[in-house]
Amino acid sequence: MGTLKSELEFEHILEDVGDFGKYQKRLIIFFLIPSAALLPWFTMNILFLVFTPDHWCNVPEVAASNLSIEIQRNIIAPLDKSSCYRYDLNYTDFLKTGSFHVKNDTPLVECDNGWQYDTTHFQETAASKWNMVCKDEHYPSFVMTLTNVGSIFGTPIYGTLSDKIGRKPVFFIVILVTAMTAISSILMTDFTAFLVLRTINGSLMPSVFQLPFIILLELVGPSVRTRMNGISNAAWTFGLCVMPLIAYLSKHWVTFGLITSSASVLMFCYIKFLPESARWLISREKYSEAATILTRIAETNGKTIDPVDLRLKIKKLGERIKKEKKMDEVKNNATDLIRYPNLRKKFLIVTFCWVADMFAYYGLQINVPNLGGNPFVNFFVLSAVEIPGLICSWYFMEKRGRRWSSVSFLILTGSSCLLVAIVPEGIPYVAIVCSLIGKFGASAAFMAVYQQSSELYPTTIRSIGMGMSGTFAGVANIIVPYVVFLAVIAKYIPFLIIGLINLLAGLSAILLPETLNEILPQTIQDAEKFGKEQKCFSCNSRRMSSDSLQEEQSPKLLNDCEKDTYAA
């Protein structure tokens, strides 16, 4: 980092106007926390929308009787097959006999009059509306798969747009399309239209989570970046924990879907409140707009600045970025992630860590059984276990850095899963306990890896880089259900695969540079130099104060700025 420190950086300008003052705190309280808490409502609600309730063959004669549900199910089919089969009987004659005993050798036939559904938890879901059961039981998984397929195509598109036209406009474009597709999909009566709209909706999900975080990340100093990630993830987890309560009170998938999807409309209240990223504006040579925003930040934070000096520093930084772009012939697109060796190494390792973490996070959520019969309680427990994970990740990232946090939590996740594969199946609760430990580790690792990736990619392609890593993670989400399905062969196989992938990812993460309290790379050239001087097994806990920021500015550079001021 020696080369970077001798030059003017955006962090130096941000320090002058206040890198964590009243302005940034307002954005956190009124934008980051509310938006992050609402995001899971319209990005994760699909898990309840396609929930498949307990079901059995509909036999009109039996359904019209006054018999209890338990007796009805006993005379329709054996309990282990009642979901898709019924006894081949003339139930009109059978009910007249007054005997409710069916011979064991009575042949079975497939359900031919639809199904009855248990309404204990939901009066209706998308699965019961369109009968996604028996021969069509793969459709709930198919809907979620299409959501992930959509993210594969949508994430790089919106990531590129964010780096080309700005964080703010793309955020509201994403929110607009999200609101339209989410609400209209709930109101659709045609199943094909429902699938298309959910696919489009899924293409927006990673971007709608990333953009609020990136906007705040680029407006605060190095010492509070982890705080932004921690606040964002904590708010997300809180919203996730509240969602099953909404589902429980709604009882109907349309009511639940409309309530949670309509939350996206509230985001439009931020149109005037939300600023564009000044860091991004400088990288796009929009110096006047950047100066306006930075002046507003300074005024709100109670900082006195010289407008002429501010504009000169902005212009000087912008000219350096422009010069480095021309010198490197950088196109600032996705190909830059693999064109440059140091950046390519970081991209491949970060992406592998994302993929491994998604395998664990979603794989364990699908694979964790026996937490009780209530889906709302199950969902809450799986969400609540993330809270201690986030707290631990937040603490260790600040104390020991991003690198060793991601390494430790990925290895913890992998080890807990491998333990399930090693311990004999007869020992009770091992899979449940290890799954919860794995989910704890996966949520902690996600926070650390997400923070790392946002700080390793340069400003000019930050959204593109995170979008591409998210795209590959989306591919992992498509594969995960099939990995979990391998449990039909042996229950330990999914744990073995998830464990090995996370263990390898944790070991590979050692090769990433530490980013704690380091200046964010602004250009591709910065990103190439970043971390080359760090030792592989170093542990960075250096604090970057305002004094250290000032000391890192070259005296020659300051003298040049002074000369430019007098010349002006």
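Is Cys-57 buried or exposed? Cys-57 is buried, because its relative accessible area is 0%, where buried means under 20% relative accessible area, exposed over 50% and partly exposed in between (1.4 Å probe, protein chains only).

The model is a predicted one, in which local features need pLDDT of at least 70 and side-chain atom pairs count only at pLDDT 80 or more, while totals for chains, interfaces and linings use all residues. Residues are numbered from 1 along each chain as its sequence is written, and side-chain values use heavy atoms, with hydrogens and water left out.

**Overall architecture**

The chain contains 28 helices and four strands; helices (H or I, at least four residues) and strands (E, at least two) are DSSP runs numbered from the N terminus. Of its 568 residues, 57% are buried. Among contacts (heavy atoms within 4.5 Å) with a separation of 6 or more, 82% are between residues 24 or more positions apart. The chain exposes about 23500 Å², of which carbon and sulfur atoms supply 63%; accessible areas come from the Shrake-Rupley method with a 1.4 Å probe, and for residues only the protein chains shown count as cover.

**Disulfides**

Two disulfides are found in the whole structure, a disulfide being a pair of cysteine sulfur atoms within 2.5 Å. Cys-57 is joined to Cys-111 with an S to S distance of 1.7 Å, and this link is left-handed, with -70 degrees about the S-S bond. The pair connects distant parts of the chain, 54 residues apart: Cys-57 is in strand E1 (residues 55-57), and Cys-111 is in the loop between strand E3 (108-110) and strand E4 (115-117). Cys-111 is also buried, with a relative accessible area of 15%.

The other disulfide joins Cys-84 to Cys-134, with an S to S distance of 2.1 Å. Its torsion about the S-S bond is about -105 degrees, so this disulfide is left-handed. Cys-84 lies in the loop between helix H6 (69-76) and strand E2 (85-87), and Cys-134 lies in the loop between helix H8 (126-129) and H9, so the pair ties together parts that are 50 residues apart in sequence. Cys-134 is buried at 13% relative accessible area. With the bonded cysteines numbered in sequence order, the pairing is 1-3, 2-4.

**Nonpolar cores**

In soluble globular proteins, nonpolar side chains tend to be buried together. A nonpolar core here is a set of buried Ala, Val, Leu, Ile, Met, Phe, Trp, Tyr and Cys residues joined through side-chain atoms within 4.5 Å. The largest such core has 131 residues, and Leu-294 and Ile-314 touch the most other members. Helix H19 (residues 341-367) gives the most to this core, with 13 residues. Leaving aside residues up to four places away in sequence, Ile-314 touches Ile-13, Ile-282, Tyr-287, Ala-290, Ala-291 and Leu-294. Another core, of 13 residues, lies apart from it and includes Trp-56, Cys-57, Leu-67 and Ala-77.

**A buried charged network**

Side chains of opposite charge can pair when their charged atoms come close. A salt bridge is taken as a side-chain nitrogen of Lys or Arg within 4 Å of a carboxyl oxygen of Asp or Glu, and the count comes to 14 salt bridges. Three of them are listed below.

| Salt bridge | N to O distance |
|---|---|
| Arg-167 and Asp-163 | 2.4 Å |
| Glu-218 and Arg-167 | 2.7 Å |
| Arg-462 and Glu-218 | 2.8 Å |

Through shared partners, salt bridges join Asp-163, Arg-167, Glu-218 and Arg-462 into one network. Asp-163 counts as buried at 2% relative accessibility, and Arg-167 is buried at 0%. Both Arg-462 and Glu-218 are buried as well. Arg-462, in helix H24 (residues 462-485), is 244 residues apart from Glu-218, which is in the loop between H12 and H13.

Ile-157, Leu-161, Ile-165 and Ile-173 make a nonpolar surface patch of about 310 Å². Its largest share, three residues, comes from helix H9 (residues 139-165).

Asn-131 is found in the loop between H8 and H9 and is partly exposed, with a relative accessible area of 27%. Glu-285 lies in the loop between helix H15 (278-283) and helix H16 (287-300); Glu-285 is partly exposed at 39%.

Definitions and conventions
Patch = residues over 30% accessible without salt bridge, like charges linked within 9 Å, V, L, I, M, F, W, Y side chains within 5 Å.
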